[in-house]
Amino acid sequence: MYNFFYYFLAIIEQALTGEQGCGGVLRSWDENNSKETKDEQDQIVLEHLEKLCQRAVFVATPSSFKRFLTENCKGDEKQFIEDLSILHVSSTYRDKVLEILPESRVQLVQYRVNTYGALMNGKKCLVKLHQHSKEEMLGTDALKAVPLREEIEILKILNAVVEPCPNIVQLLGSSFEAPMHLIMERTPKGDLLTYLKGLEDPPEADVLLQIAVDVSNAMLYLGVHDIIHRDLGAKNCFVFMRERKLLTKLGDFHLAILSYSGARSPTGEDQPCKSVKSPVNEDFFNQFAVRWMAAEAIRMGEFSSASDVWSFGVLLFEIFTFGCKPYDNMPSGRSLERDEDVREF
């Protein structure tokens with residue numbers, strides 16, 4: 001056990017300083033991991049070596065990294081890569097005491113993203129982690145077209161000022177490289193829809209009006225940056241407390257897109273923002289929330305700042321009806337219970 005102790009200290013120093021690289025770390029771990037040992041303390045040391053090398057592997061040479069993944073991606077490859085990614089992201093933000101809660105995982109299969117509840121410096125946050133393949137872990141180029149990349153870019157634009165909009169969630173961390181991820185703030189009060197439905201006593205009208213103003217400020221900020229949200233609704237807004245007052249923030253941008261595609265004019269003036277079109281098919285209606293969509297978006301897949309204004313109008317309905325479902329129990333007596341009915345309406 002005496003030799004193992006000094007061997008363990010040497011491994012830690014080599015991995016953390018990076019002076020010798022991680023190739024030797026991985027080779028040493030492979031050799032010792034293959035040996036059978038009956039000593040309980042030796043086994044504990046080997047287990048810690050394994051965890052240490054899983055952290056160190058992300059700063060290893062490409063050849064060592066490739067060998068490590070090839071030899072260990074056996075059986076449940078996706079789970080191994082996910083565990084490895086969580087471990088790496090946690091250690092990357094160790095100075096901010098990031099604790100990811102794996103049991104809170106929600107899989108967004110369509111976007112190849114896993115979301116996790118987490119704590120950073122004791123405050124609630126959300127981690128979005130791309131579902132990497134082995135090839136994507138080995139090559140950055142393979143990550144250029146993944147959906148999460150666009151959301152990271154949008155949030156970076158919105159947070160790239162000295163004083164970002166107070167009604168947009170803060171971006172707490174992100175990476176375009178494997179493991180690709182983003183971290184944004186969340187609140188114990190949860191999303192706006194849950195908050196509205198959970199109200200036992202109707203609040204003052206001023207409170208509801210302030211919620212609407214907060215979201216309006218967020219949407220104006222998006223407009224200034226030529227961003228179309230495309231998924232505005234109470235479920236994507238979040239309720240915070242600031243100075244003992246409610247503060248509502250827009251907090252999900254997985255469908256947001258830049259509308260500006262042309263060059264700026266020679267005078268520096270902005271050119272008119274263009275609309276963005278998406279092909280209208282079955283996947284389209286699985287992706288977007290029909291009840292919040294403008295008519296041109298439903299019929300032609302056309303999104304613009306004007307379609308966001310329509311969605312904002314539906315959001316106002318949610319706010320002042322305490323979270324009621326749009327197009328249910330309409331004044332005419334008609335109730336559109338199915339999304340297909342809304343599309344036809």
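The model is predicted, and its secondary structure comes to 13 helices and twelve strands. Of the 345 residues in the protein, 45% are buried.

**Overall make-up**
- The protein has an accessible surface of about 19100 Å², and carbon and sulfur atoms account for 52% of that surface.

- In soluble globular proteins, nonpolar side chains tend to be buried together.
- The largest nonpolar core holds 56 residues, and Ile 168, Leu 192, Leu 250, Phe 253 and Leu 315 are those with the most contacts inside it.
- Helix 9, spanning residues 205-224, supplies the largest share of this core with eight residues, while domain 1 (62-185) and domain 2 (190-321) each contribute at least three residues.
- Leu 250 touches Asn 167, Ile 168, Val 169, Ala 218, Met 219, Leu 222, His 229, Leu 232, Asn 236 and Cys 237, when residues up to four places away in sequence are not counted.
- A second, separate core has twelve residues, including Val 89, Tyr 93, Met 120 and Ile 183.

**Glu 151**
- Glu 151 is found in helix 7, which covers residues 147-159.
- Because its relative accessible area is 3%, Glu 151 counts as buried, the cut-off being under 20%.
- Leaving aside residues up to four places away in sequence, Glu 151 touches Lys 128, Leu 182, Met 184, Asp 252, Phe 253 and His 254; of these, Phe 253 is also among the residues with the most contacts inside the largest nonpolar core.

Notes. Residues are numbered from 1 along each chain as its sequence is written. This is a predicted model: local features need pLDDT of at least 70, side-chain atom pairs count only at pLDDT 80 or more; totals for chains, interfaces and linings use all residues. Side-chain values use heavy atoms; hydrogens and water are left out. A nonpolar core is a set of buried Ala, Val, Leu, Ile, Met, Phe, Trp, Tyr and Cys residues joined through side-chain atoms within 4.5 Å. Buried means under 20% relative accessible area, exposed over 50%, partly exposed in between (1.4 Å probe, protein chains only). Helices (H or I, at least four residues) and strands (E, at least two) are DSSP runs, numbered from the N terminus. Domain bounds come from an automatic or database domain assignment. Contact means heavy atoms within 4.5 Å. Accessible areas come from the Shrake-Rupley method with a 1.4 Å probe; for residues, only the protein chains shown count as cover.
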